[in-house]
Amino acid sequence: MSNILDGLSEAQYKAVTTTSRACLLLAGPGSGKTHTITARIRYLIHNRGVPPENILVITFTKDAALSMQKRFNESEEGIYPVMFGTFHSVFYQILRTGRGHSPKKLLSDSYKKRIFSKVISDIIPLKRSEKERLIPGEIAPEFISAVSVYKNTDDLKRAKSLIREDLSSYFEDIFKAYEYKRKKEGFLDFDDMVYDLRNLFNMNPEEAVFWNKRFSHILIDEYQDINKVQYDTVKLLAGERAEIFAVGDDDQSIYGFRGSEPECLRRFRDDYNAEEIYLDLNFRSNPDIVDVSTKVITENKDRFVKNQKSARNDPHLNEHFRIKTFEDQKTEYDFIKTMIESSYESDNLGILFRTNLQMQRFASFLKSKDVPFEMKEKQLCIYDHPACTDLMSYLEYANIGKDEDKLYRVINKPLRYISRESLVGIADPLDNAIVYYKNNPDEYNAEKRVASLQTLKKDMDFVKDRSPYLQVRYIRQKIGLEKYYEMNFRNNVKLLEEYKAVLDFMSDDAAEYSTLEDWLLFQEEYRKDFKEGRDKKDTAKGKTKTAVNAGKTQTVRTNISELMTVHASKGLEFDTVIIPDANEGVYPHGRLSGIKETEEERRIFYVAMTRAKNRLLITCVTGTKDHPRSPSRFLNNLLNHGEDKT
């Protein structure tokens, strides 16, 4: 067993040996926080005599928990029963093993949606007026997201803002009905593992006392990502006795959409009167990368003041950091493709994107060029996005077969007030519906419904056999799919922007194909490869692995380039990092409402930059004279540092 304190920096030594009841360890990128945490655990056991079973280590991901546990076990000669786990796994175990509490069943996403759909149909009239028809299954995701936000933040206003304005008043009733039903059936979902435990501790203080005695030392990694409900639950779990060692970096707080706030670090310091220690050495990145990333993050004002330095003594070289600008995205993508194929072949290359849509747009480009890549992130395949599915339902109905299910998905997008029963019959579903409303003139606005159906039939005949690009454009604009989204998501700007961006992607994608059949074949191959790539497990360094490559299976070098979103890259590192699309509207993403949102977007960009060990390339598009585009404001301090125009 190695000496616990060997090789520690001055700040690491101080953190490992502190006897403060509460310690806030501010750990910047690449600062050796995992080594510090594992050394701290060993020090507690061997130097302070703390029983291993009284030590709890909480991380935010399962992989992080397993990695930290492995690091700890490898540093010891024996196995010690220290408890490692995520917030949700640890709290779920406490709920299951709590005294007098029966085990709970985990609620699947599909069954949760069914519960919400049933509750919605019970509470919101399906037909509140003759002007609107609601489909519970389509609006259930809005309420599911809103309930998740509420359970993590206690913020009712924020939760209701995720629901369209005309339905938000139903939130409290639907929340109560959903909670009653899931508890009655003994179910627990992901958010409930924290939410229910906090409620349990509040309602049964003796239960909290029992667990206060069980864990005398609690160590929490990535503390900047904690949300209000997690913060409250940890405080109840710790009680007045437990020592808490919180490790985090407010500059890497990037999960505001989940309810996390960097303010929790200051709240922790103030609530516990915590000792504050800063790991100021970056062992990962060379000095040039540390320098430029620091220039970006210091633009944020609401942060702990820090001055991180690189622990490496690399010479200053232009190749360490470059910004390259391109007139258009095609030129940008072609350049990155060349980098993937020929540059830094011995390197571990990560290409990081702000959104899943941007990542899959580039993945689609690489696949069409037969360039292998990896994309293991658990994200929705772009071609399975609801906007894509709507668009393709129109296209397939018009060109391939008169499928009733395809038509039903889009018959009221835009709203035509057509019922499913009207489509059923022995003829074309559209003809069935026309006959149905002609034969039922007493139906509300039957004449207008017939007219709208006849117009749709003409539209479907018109688009048939035209190029995919023209068909997509016609459905978006003439038939009115895009206008439908604008009306439907008028109170949810972020969701509307997402749907429009997906439609833009589909328009650009369609332009690459001369026939719908070729496009559908590509989509199916992409779906297959996407699923295979996402389901892959990492292989050992130096071995080969299978890569996504235009529908073919290839055996390639281990250091194949990996595509992922910035959020998924957190905690990882690469020899070389490429950040494409560093433009306004991407960094920061969408429309921002204030300084707080802008600062979180800058932190996201900072996290992307600090994944790089040896080389960092940032690319952006300048556009043309008629259609100019602006580089990201986050590059303002860097444009004279390594800029290279193409």
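Select helix H21 (residues 481-488) together with helix H22 (residues 493-510); the crossing of H21 and H22 is right-handed, a crossing being right-handed if the near helix is turned clockwise from the far one by less than a right angle, and left-handed if anticlockwise. The helix axes come within 9 Å and cross at roughly 165°. Such axes are lines fitted to C-alpha atoms, for helices over the stretch in contact, and angles run from 0 to 180 degrees between N-to-C directions. H21 is therefore roughly antiparallel to H22, a description used for angles over 145 degrees, whereas those under 35 count as roughly parallel, 65 to 115 as roughly perpendicular and the rest as oblique. Now display the side chains of Leu481, Glu482, Tyr485 and Glu486 in H21, and of Leu496, Tyr499, Lys500 and Leu503 in H22, which make the contact; contact means heavy atoms within 4.5 Å.

Some conventions apply throughout the tour. This is a predicted model, in which residues are numbered from 1 along each chain as its sequence is written, and side-chain values use heavy atoms, with hydrogens and water left out. Local features need pLDDT of at least 70 and side-chain atom pairs count only at pLDDT 80 or more, while totals for chains, interfaces and linings use all residues. Helices (H or I, at least four residues) and strands (E, at least two) are DSSP runs, numbered from the N terminus.

Proceed to the sheet. In which order do the six strands of the open sheet stand? The order is S3-S2-S6-S7-S1-S8, with parallel pairing; two strands pair if DSSP finds at least two bridges between them. Select strand S3 (83-86) and strand S8 (275-279): these stand at the edges, each with a single partner strand, so one side of each has no neighbour in the sheet. From one strand to the next, the twist averages 15°. Strand S6 (residues 217-220) and strand S7 (residues 243-248) are joined in the parallel sense by four bridges. Within this pair, select Ile220, whose bridge partner in S7 is Ala246.

Select the cysteines next. A disulfide is a covalent bond between the sulfur atoms of two cysteines. Here a pair of cysteine sulfur atoms within 2.5 Å is counted as one, and the count comes to zero. Cys381 has 4% relative accessibility and so counts as buried, as does Cys388 at 0% (buried means under 20% relative accessible area, exposed over 50%, partly exposed in between, with a 1.4 Å probe and protein chains only).

Finish with the backbone. Most residues other than glycine have a negative phi, and most peptide bonds are trans. Select Lys413 and Pro414, joined by a cis peptide bond with omega of about 5°; Pro414 is in the loop between helix H17 (404-410) and helix H18 (429-439). Another cis peptide bond, with omega of about 0°, joins Tyr587 and Pro588. Pro588 is found in the loop between strand S16 (574-579) and helix H25 (595-609). In the loop between S16 and H25, select also Asp581, which has a positive phi near 60° and counts as buried at 4% relative accessibility. Lastly, select Asp154, in the loop between helix H6 (136-153) and helix H7 (156-160). Its phi is positive, near 65°, and at 28% relative accessibility Asp154 counts as partly exposed.
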